[in-house]
Amino acid sequence: MKIAILDDYHDTIRTLPCFAKLIGHDVTIWNDHVQNVDVLAQRLQEIEVLVLNRERTKIQAALLERLPNLKLISQRSVYPHIDIVACTRLGVIVSSSQHADTPNYAAAEMTWGLVLAGVRQIPQQMSALKAGKWQIGAGSTLREKTLGIYGYGRIGRVVAGYGKAFGMKVLI
């Protein structure tokens, strides 16, 4: 089976344990982002399965009509970038796990990292340390502060839990 994986910017897909399931297949991983239909059609001409990372590349009728071998598009999450009507018309199956009840820990951790970096002045402290200065300020603590979260979905719930663990008052 000929498989293409798009938009793997950091070349991480092949390091995932699930990548081993593709052994024996002809897999091409693209690390750049291309939206030009002509370029994509040329790259994907022989592809039978297309694996997408998030909603990065638009897969619309103009492209789909130029991919005669495409049988399956697989990805995780929502698919507003895929022309489902064209896929149906052309017999291309779209497989996407919505995972509505699965927390997005990566996004929540990045959010919390930014909160800590801001409150504890981590970028400024690192710059000072690299310049030979030691501790340019004391920063602040999160305990007993208020954390406001706009949206209590898959990410907001996890971030709220982090706030509570740090002794914060959490408002949604």
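This is a predicted model: local features need pLDDT of at least 70, side-chain atom pairs count only at pLDDT 80 or more; totals for chains, interfaces and linings use all residues.
Residues are numbered from 1 along each chain as its sequence is written, and side-chain values rest on heavy atoms, with hydrogens and water left out. Helices (H or I, at least four residues) and strands (E, at least two) are DSSP runs, numbered from the N terminus.

Salt bridges, defined as a side-chain nitrogen of Lys or Arg within 4 Å of a carboxyl oxygen of Asp or Glu, come to four in number. One of them joins the side chains of Arg-66 and Asp-38, with an N to O distance of 2.6 Å. Because Arg-66 lies in the loop between H2 and strand S4 (72-76) and Asp-38 in helix H1, this pair ties together parts that are 28 residues apart in sequence. Arg-66 has a relative accessibility of 36% and is partly exposed; Asp-38, at 48%, is also partly exposed. In these assignments, buried means under 20% relative accessible area, exposed over 50%, and partly exposed in between, with a 1.4 Å probe and protein chains only.

A salt bridge is likewise formed by the side chains of Glu-65 and Arg-89, at 2.8 Å from N to O. Distant parts of the chain are linked by this pair, with Glu-65 in the loop between H2 and S4 and Arg-89 in helix H3 (residues 84-90), 24 residues apart. Glu-65 is partly exposed at 47% relative accessible area, while Arg-89 is exposed at 52%. The side chains of Arg-14 and Asp-11 also meet in a salt bridge, with 3.0 Å between N and O. Arg-14 is partly exposed at 43% relative accessibility, and Asp-11 is partly exposed at 32%.

Two buried positions illustrate contacts within the chain. Thr-57 is situated in the loop between strand S3 (49-51) and helix H2 (61-64). With a relative accessible area of 2%, Thr-57 is therefore classed as buried. Its side chain makes a polar contact of 2.4 Å with the side chain of Asp-7. A polar contact is a pair of N or O atoms within 3.5 Å; within protein, one must be able to donate a hydrogen and the other to accept it, and residues adjacent in sequence count only if both atoms are side-chain atoms. When residues up to four places away in sequence are not counted, Thr-57 touches Leu-6, Asp-7, His-33, Val-34, Gln-35, Leu-40 and His-81, contact meaning heavy atoms within 4.5 Å.

Leu-44 belongs to helix H1 (residues 37-44) and is buried, with a relative accessible area of 1%. Residues up to four places away in sequence aside, Leu-44 touches Ala-4, Leu-6, Leu-50 and Leu-67. The C-alpha atoms of Leu-44 and Leu-64 are 9.8 Å apart, and the two residues are separated by 20 residues in sequence.

Ala-117, in helix H4 (residues 105-119), is buried at 17% relative accessibility. Not counting residues up to four places away in sequence, Ala-117 touches Ile-122 and Pro-123. Ala-117 and Gly-139 are 22 residues apart in sequence, with a C-alpha to C-alpha distance of 9.8 Å. Ile-122 is found in helix H5 (residues 122-130) and is partly exposed, its relative accessible area being 42%. Together with Met-126, Leu-129 and Trp-134, Ile-122 makes a nonpolar surface patch of about 460 Å². Patches consist of residues with over 30% relative accessible area and no salt bridge, like charges being joined within 9 Å and nonpolar side chains (Val, Leu, Ile, Met, Phe, Trp, Tyr) within 5 Å. Accessible areas come from the Shrake-Rupley method with a 1.4 Å probe, and for residues only the protein chains shown count as cover.

The number of disulfides, each a pair of cysteine sulfur atoms within 2.5 Å, is zero. Cys-18 is partly exposed at 47% relative accessibility, whereas Cys-87 is buried at 1%.

Most residues other than glycine have a negative phi. Gln-135, which is not a glycine, has a positive phi of about 50° and lies in the loop between H5 and strand S6 (146-148). Glu-144 also has a positive phi, near 70°, and is placed in the loop between H5 and S6. Glu-144 is exposed, at 71% relative accessibility.
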